[in-house]
Amino acid sequence: MQPATIELRAPFADASKRAILYLVYDEQGIVDEYIPHALRSLRPFAEHILVIVNGAVDEAGRAALDAVADDVLVRENVGFDVWGYKEGLERLGPRVDEFDEVILMNYTFFAPVRPFEPIFAAMDARDDIDFWGITDHAEVTPHPYRLRGTMPSHIQSHWIAVRRSVLQSDDWRRYWGEMPMIESYSDSITQHESRFTQHFADLGYDYAVSFPHQDYGTLHPVFENAELLIQQGCPILKRRMFFHDPLYLDKEAIIVRWVVETACAEGFPEDLIWSNVVRAAKPRVLNTNASMLQVLPEQDVSFDPTIPLKVAATLHVYYDEMIDEMLDRIGNLPVPVDLYVTTTDDEKAERIRAAIALRSEDKVARSEVRVLASNRGRDLSGFFVGCRDVLTSGEYDLVVKIHSKKTVQAGYNAGHLFKRQQFENLLSSPGYAANMLALFQQQPTLGVVFPPMIHIGFPTAGRGWFTNYWKTAELMQDLGIEARLDDVSPLAPYGAMWVARPEALLKVTSREWTFDDYQSEAEHKDGSLAHLQERIVAYAAADAGFHTRTIANAEHVAISHTFMEYKLQAMSAYLPGYPFEQVHYLQHMGPGGDGSIIGAAKQIVRARHPKTAERLRPVYGVVRDTWRRLRRLPRRSS
């Protein structure tokens with residue numbers, strides 16, 4: 001039986017009028033192009049578009065919104081999206097009565113990855129519903145935010161369309177009039193997103209979902225089944241999968257790379273994705289979630305010689321006996337380069353010039369050898385001080401940075417592997433180097449490429465920051481770089497070799513560094529400026545709106561993967577479950593997060609000897625109680 005406040009439904013006819021309230025939030029006040037793109041695509045379906053901006057918006061962003069919206073409301077960033085919608089509805093005021101449908105949606109998805117028309121057509125034909133959404137979330141017990149009871153199945157708040165029967169009801173006015181201030185993300189879920197659907201359904205209103213969770217057998221299809229939803233016509237792609245916990249994606253086998261390929265195969269512009277998510281995601285998280293390691297073939301399959309690229313190659317040569325090997329690598333590039341070599345004394349410079357003179361003009365268009373005033377900072381100062389004029393000239397599309405690498409302190413094997421891992425994953429062969437440059441031809445938002453993290457022979461995995469994290473954060477703040485730092489290890493060119501667009505490094509190269517900024521040779525270690533600059537590259541690129549890719553050839557992928565796989569399984573053998581659970585356990589070291597030795601021992605026994613673990617269960621309680629009593633005993637005085 002319908003509540004008295006609902007008017008009789010009328011068919012949703014072609015002449016019906018629709019308003020869209022589109023909420024935007026960006027902590028930097030930037031409006032990325034995917035937002036105007038979505039709004040332009042929605043324009044044929046809306047009589048009125050009101051954009052609600054939580055917080056600030058820069059001048060360019062405001063102009064972009066004004067071009068696609070009928071009205072823009074910029075408000076203080078309080079109350080999350082819920083109060084943004086509330087104030088947006090107040091902005092419409094009595095005009096709400098003009099519309100047959102109002103859609104509350106937000107910026108958390110890319111669209112349209114498939115056409116909107118079939119969705120609107122299907123829902124316009126439904127005269128038996130009062131509100132609808134594109135996707136929903138299944139019920140969850142216990143409630144993930146209240147930790148008790150059940151979070152009901154609900155339409156997700158990134159798209160809730162509400163019809164006249166609700167809009168003109170006392171129930172609707174009461175819902176928003178009684179809405180408490182939203183103080184947290186948890187509040188926004190419990191007070192609105194997970195509440196809205198059940199609240200109005202309990203009042204007798206009917207609803208529908210374009211892609212209901214029941215059809216997919218998962219709790220969260222728009223996230224967990226994104227590729228399938230796009231194939232079936234879903235017009236939206238959630239942004240969260242690009243910056244969500246990679247271990248969760250691993251557990252659920254969510255392959256974002258395939259999702260992107262599916263969306264772009266339908267015509268969605270790939271650069272709209274990368275130009276936005278580089279600012280929202282931590283670079284290593286994005287590199288993992290989107291599987292942004294590019295394994296390049298040794299035969300040229302993609303370079304377009306009709307698209308000119310002017311390339312500068314910067315070489316820092318301390319060990320001048322390596323100059324021919326380095327020139328061979330640069331010679332693999334498919335275009336002539338301008339060569340800039342920095343070194344430490346005049347004798348080395350003469351030997352380097354002689355070696356360059358033997359090279360073909362087809363490979364080296366022009367060259368210059370520069371003797372630096374100091375070797376403080378080594379190759380990093382050679383690049384940022386010795387070649388700053390090259391980087392800031394605006395003359396080059398790309399700059400290649402390599403140096404004479406020996407890593408003598410690590411011993412022959414590790415040093416030899418590290419050098420090969422750098423040279424061969426950056427400039428392996430003529431075909432490989434051509435394919436590497438082709439990535440920049442094909443992807444305007446690609447800013448930097450470099451080899452993957454070295455982890456064989458070096459204890460880099462899981463501790464790539466070493467002692468550099470806080471100093472890197474301070475340097476980024478000093479340079480105005482606002483990208484998000486990764487927690488455990490940075491996405492960084494360990495070994496300090498890369499290829500980049502100069503504009504991707506602009507916030508670093510704009511600073512006039514001097515040799516005095518760098519530590520002496522004796523202090524060239526973790527925490528020194530050179531080590532910070534090595535770790536800042538991908539973050540500077542992200543701040544500038546460019547994404548980073550790691551690149552490798554097949555041989556090094558085989559070497560790296562097999563060792564990484566063995567190391568992972570060797571550690572996982574002592575822990576239960578997926579890496580998602582294993583990492584959570586290790587972070588808390590035992591049940592209840594008490595860090596107990598007993599808890600750790602139990603987990604190891606359970607993982608390696610499950611039958612023994614079952615037999616020992618009666619003993620655990622006695623051992624645990626004894627251990628706790630011992631921990632409470634007063635210490636003996638000496």
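**Notebook: aromatic rings and a pocket**

I looked up Phe-200 and Tyr-205 and found both buried, where buried means under 20% relative accessible area with a 1.4 Å probe on protein chains only. The model is predicted, so I noted its limits: local features need pLDDT of at least 70, side-chain atom pairs count only at pLDDT 80 or more, and totals for chains, interfaces and linings use all residues. Residues are numbered from 1 along each chain as its sequence is written, and side-chain values use heavy atoms, with hydrogens and water left out.

**Whole chain**

I read off 26 helices and 18 strands for the protein chain; these are DSSP runs numbered from the N terminus, helices being H or I of at least four residues and strands E of at least two. Of the 638 residues, 53% are buried. The C-alpha trace spans about 95 × 75 × 45 Å along its principal axes.

**Aromatic pairs**

I found 34 aromatic pairs in the structure. Rings of Phe, Tyr and Trp (its six-membered ring) pair if their centres lie within 6.5 Å, and planes over 60 degrees apart count as edge-to-face, under 30 as stacked and the rest as tilted. I then checked Phe-131 and Phe-196: their ring centres are 5.5 Å apart and their planes stand at 90°, so this pair is edge-to-face. Phe-131 belongs to strand β6 (residues 131-137) and Phe-196 to helix α7, so the pair ties together parts 65 residues apart in sequence. Phe-131 and Phe-196 are both buried. Phe-200 and Tyr-205 also pair edge-to-face, at 5.8 Å centre to centre with 70° between the planes. I noted one aromatic cluster that takes in these four residues together with Trp-172, Tyr-175, Trp-176 and Tyr-207.

**Charges over rings**

I looked for NZ of Lys or CZ of Arg within 6 Å of a ring centre and within 35 degrees of the ring normal. Lys-86 has its charged end over the ring of Trp-83, 4.5 Å from the centre. Arg-511 does this over Trp-513, at 5.2 Å.

**Second largest pocket**

I noted about 1500 Å³ of space in the second largest pocket. A pocket here is an open set of points on a 1 Å grid over the protein atoms alone, where a 1.4 Å probe fits, with protein on both sides within 12 Å along at least five of seven lines; lining residues have an atom within 4 Å of a point. Of its 44 lining residues, Thr-108, Tyr-185, Lys-238, Arg-240 and Phe-243 are the closest to the centre. Helix α7 gives the largest share of the lining, four residues.

Methods. Points joined across faces, edges and corners; volume = space filled by probe spheres on them. Buried < 20%, exposed > 50% of the residue type's maximum accessible area, 1.4 Å probe, protein only.
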